[in-house]
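User: I am new to reading protein structures, and I would like to go through this one step by step. Could you take my questions in turn and show how each answer is reached?

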Amino acid sequence: MSEPISKLQAALAAGQFVVTGEVGPPKGTNVGPVLHEAEEYLKNSVTAVNVTDIQTAVMRAGSMAFSHMLVDRDIEPVYQMVCRDRNRLALQSDLLSAYTLGIRNVLALTGDHTTMGDHKEAKGVYDLDSVGLLQAMSILESGQDMGLDMKGNPNKLDGAPRFFKGCCVTPCTDEIEPQIIKLEKKVEAGAQFVQTQAVYDPAAFEKFMSGIAHLKVPVLVGIVMLKHAGMAKYMNNFVPGVVVPDWIIKKLSEAAKEDRQKVSIDICGQLIREMKHCCQGAHLMTLGWDMCMPSIVQAAGLA
Amino acid sequence: MIVAERKPFDEIMEMVASCKRVLVLGCGGCVTVCLTGGERQAEMLASQLRLAAGAKGLAMEVDFDSITRQCDKEFFANLKKDLASYDAVVSIACGVGVQYMGEQFASARILPGMNTQHLAANTAPGVWTEYCHGCGECVLAWTGGICPIARCSKSLVNGACGGTNHGKCEVKAEMDCGWLLIYKKLQETGRLDELRKLRPPRNWRKDRSDGVRRLVLKDMVEEETKS
Amino acid sequence: MSKTDLTSDALAGLAGTSELLERQWAPCRYNCPVHADVRAYVELIAQGRWREAIDVIRDALPFAAVCGRICHHPCESNCRRTDIDSPVAIREVKRFVAELQGARGASVRKPARQDKAKVAVIGAGPAGMSAALDLARLGYRPTVFEKFPVGGGIPATAIPKYRLPRDVIQMDVDWICAHGVELVTGVEIGKDKTVDDLLNKAGFAAVIVAAGLSRSRSLPLPGGDHPRVMGVLDFLTALAFDKPVEIGRDVVVIGGGNVAIDAARSAVRLGAARVRAVCLEDEQEMPAWQWEQDEAREEGVAFIHRRGPVEVVRRGDQVAGLKTRKVTRVFDEQRRFSPQYDDSDTGVLECDTIILAIGQMADTGFVAGSALKLDSRGRLEYNPATHQTSVPNVFACGEIVTAPGSAVEACANGQRAAKAVDAFLSGREIRIDDALPPSIGKIDPDSPCFQAVKRAQRTAVAVEPAGKRSRDFAAVDHNLTIEQALTEARRCMSCGSGAEVLVDKCAACLTCLRVCPFGVPKVIDVARIDSDLCQACGMCVADCPANAIIAKGWQPGSLIERTKKELAALKGRKVVAYVCGHYAPATAWSAQGEDAIPGVAEIYLPSMCRLSTAEMLHALEAGAQGVIVVAAEIGADRYPGATERIRKRVQQGRDLLQEIGLDAGRLVLVEEASKGREAVRAAIAAAADAIAPM
């Protein structure tokens, strides 16, 4: 196996329990506050920071530019790419661009449907699906692209990129087998690490992990920070494949308003402690509460 | 079959507002079967136009007619009305009929009365559900006979996305997740291996990426139309 | 596509739905000897349109009133409702409307000119008068010669008054005469004038012999030559003309037919203490109608079966009894009349009066002084195909040349003879086309349709109690009341007037199959609607998106034409109410009756199934400021699911109005049709008041 091309790959290869964070670029050009948060709270607590790509189909600044700004600040980004908004020409082009900007970790996602966001009338593209996007990365890495020249042979690249290719899975959905099958295909297509959808049920997660043991791919369990009971309930009702158990909702609803952040940190810490033994890291989605990240790492006993 | 939905009345009224004579033209094909563009619907739209024109004080004469199919010119001979004598003809066929009539009757102004929707099966009385997208490259052989192009809202080819939710799609709570249907079918029939196969990105040239599509049957075409 | 498929082009070639109907007849019409359009007149009666109903009847049946009383009604016997519950009482509703309207209440449609040849008719019975009427309608000048002082034939001269009051016969005779038929009574041809006189001296271009069977068949019984042994026609005719008739107290009628029963029941009315009818046949073989037998029994007539008369037993110069012997068979293997007796088994029925009712025969006295020939058995020579006798311009019709039958059969034969005479006098070859359109079939009892037809029991006719009726010659039963007539007529299933698919327009969309309350349509290549099963509700006609289904029973577009007419007649407010007429009183059907609601045109339809959404819009286009749809309550409509469907149509109409910016409140549904006229009127008035002025 070749040398790791990113800190994230290196840490996982070294068998460290890895923590990643996540930021979303702003709706507008004012990137300062988010960059500040990343530098202040994430830079020293996590191995890499995911940058979302027009998350939930709500239009905002781009993932590549923001990832590049993190690179500039010595924070390692995980560049998220969704298939919703670009065809294979644009996706491949952006992958080449990202590589030239120093981006190495790429997370391939299908992308929430346009109707989930704030531009419901937009045309969804989905030229490639997430498996196809992983294949595209692998093809680019081989020095070719997905197209053909006039003679019908694969095009050759003048300089090939290398990526640490990631993908997503939903471990606690109602139908596990199709998720596992698709994950197998993603790994076959080149996925090297997995970040999961939010998990709050350690037992179910452990079961899922034993189901994908044969894939031998590092998995970072996803945890979305729950800020209050209402948010937990919302996730239960509206976020596919996410089940927040009653004990968490109870804990959040019993907490006094001023204690909520603390309780939320504790819950994250507890969840990581309970799932640490069966996975290779945690992906923490703090949704603006980036300042909590150091405390969570602490609470998880990882500091 | 093709299903089409009548355009909102206001939109139609706006198209013909300045006309003195209007013909509403039904089609006896698909749109009759889906109860939106038949002679009866032509009759009702004509009635609506007359009533609306009357209420607005417009002098508008509105007739209706219908032919077997607006997508075959041989049937145009059966028109009982002279299209050229109308200021506008509102065709309530699918978009094919509107254009084809327009091509054949260059002096008539053919306007669309319908929004053409999709290829459907009549899943319940009064309900037509999309089953085929007309993608040009059928994959049903390995998807348990359930089309991921038409019935997955993202037309994915390798399985469900993370938006699958208790068998439903993230787009609409009442909409089935096409890929979960495929999974269930393959599971029931012991053909899950079909799902495990990695499917390469689709060739969209067969869909719309290659421009206007044409079906040409060599044994039927006359020489001059072959090109 | 089968040969009988109808296309819109083929429809355009037909004049309209009436010609479409000719393609198949309902069994009532098919089996009616004069092929009266039974369904049409029953529906008109169902709507209280008496005048139109009697006109439809009289178009085909001149003796409408007579037949309303005495017809053997093959229409009813073949009524398809029989399998569902019981046949529609067609004769009773006909009687109701015929007598309600009388002779003057029916239209007299004479040709502009009646200047064709003079034709003489011998005999003013149903056959002769029917022939004369049809000739008058064709412009001929017919004169009917009748030996009796009244017209009407056997119905007037032999049928007892308790079955057929004389004023009822007169309605028919008067109406026929109003067409330019001259009736000369009291003239017997062969005696007062000869056929040759008519042809050579009186200027008649042709003669029709319709003399009927006016003589009783006699039986050479030993001892039978006695005043108290009488022929049935002598007996009945004397009664018909109120002549004194002497009978004893113990009467035996010989015969098992309807005339025998007339005689027996008349004897009861004359005060006989015991009346017995003795006949060769057993109960099943007896030719008299069952109901006649039943009523006779109720009045005390006893039946003695399987005995044949041998001789009249005399005691001195009195009749003392009838000696009879046992009948071992009446018919041979070929069902021919061929009685055999057991002479070892004889007996005497004590009696003092014997009436011989063993059949009637012709009085061929009219032959005298003419070239007319009789055959070896004394019957008039005649060609059934052309009605011509041995003299080319002398024709024959009715029972004198056919087998004995009923009045309506005689009418049919007379009409046929009129055609022959017309052809002859017009110089055409006499070729009468007797071909009929096929009758529709039975309702398959295993079909869902059979189960879904709403059951409705036949209206019972009020009959006087036997004790009362046997006292005199007053009519034994009563005419239906208006309500009864409406209720009974509304039981008609309108067989064969339902859906017809225009195959070239049908898109096989399955809508008919989905909306049919009876599960009748099948969609194979195109929609196929079996007319044997279709209940003519009109549901599919109103819902077909291709306008590819028409109803044979009503013209497309006729409703809106009527709506326009009714609206034009309104002053001020103009509102249309389409009302389910199944429960409507007769008066309601006339839109501007005395209880009309100001500014509201009420238009009654047999069912709201027929009313399409498009028609609701068309009414508004025609200038109505509102449309009120009055349906029966859920479950109360004669067609299952009708109200549920009409709700959806009204909602669709309201949506279409809203879409064009008109007030949806202009289209209102009221579900109260079965609550009676007052409630319906109030509901319509309230709904009309709630509709905003334009």
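User: How many helices and strands does chain A have?

Analyst: This is a predicted model, so the counts describe a prediction. In chain A the secondary structure includes both kinds of element, and the tally is 11 helices and 10 strands.

User: Why can chain A be called as compact as a globular protein of that length?

Analyst: The globule rule gives 19 Å for 303 residues, and this is the value to set beside the one computed for the chain.

User: What share of the residues in chain A is buried?

Analyst: A residue counts as buried when its relative accessible area is under 20%. Applied to the 303 residues of chain A, this gives a buried share of 52%.

User: What area do chain A and chain B bury between them?

Analyst: The size of an interface is often given as the accessible area lost when the parts come together. Here the contact takes 30 residues from chain A and 30 residues from chain B. Carbon and sulfur atoms carry 54% of the buried area, and the total for chain A and chain B is about 2400 Å².

User: Which residues of chain A lose the most area to chain B?

Analyst: The residues in question together make up 21% of what the chain A side buries. They are I181(A), K185(A) and P240(A).

User: What radius of gyration does chain C have?

Analyst: Chain C has 26 helices and 23 strands, and its C-alpha trace spans about 100 × 55 × 50 Å along the principal axes. For 694 residues, a compact globule would have a radius of gyration near 26 Å, and the value for chain C agrees with this: 29 Å.

User: Is T17(C) buried or exposed?

Analyst: T17(C) lies in helix α2 of chain C, which covers residues 17–21. Because the relative accessibility of T17(C) is 6%, and the cut-off is under 20%, the residue counts as buried.

User: Which residues does T17(C) touch, leaving aside those up to four places away in sequence?

Analyst: Residues up to four places away in sequence are not counted, so that the list holds partners from elsewhere in the chain. With that limit, T17(C) touches A551(C), K552(C), W554(C), Q555(C) and P556(C).

Notes: Residues numbered from 1 in each chain as written. Chains lettered and ligands numbered in written order. Predicted model: local features only at pLDDT ≥ 70, side-chain atom pairs only at ≥ 80, totals over all residues. Heavy atoms only, no water. Helix = DSSP H or I, 4+ residues; strand = E, 2+ residues; numbered from the N terminus. Rg over C-alpha atoms; globule rule 2.2 N^0.38 Å. Contact = heavy atoms within 4.5 Å. Buried area = accessible area lost by both parts, 1.4 Å probe. Buried < 20%, exposed > 50% of the residue type's maximum accessible area, 1.4 Å probe, protein only.
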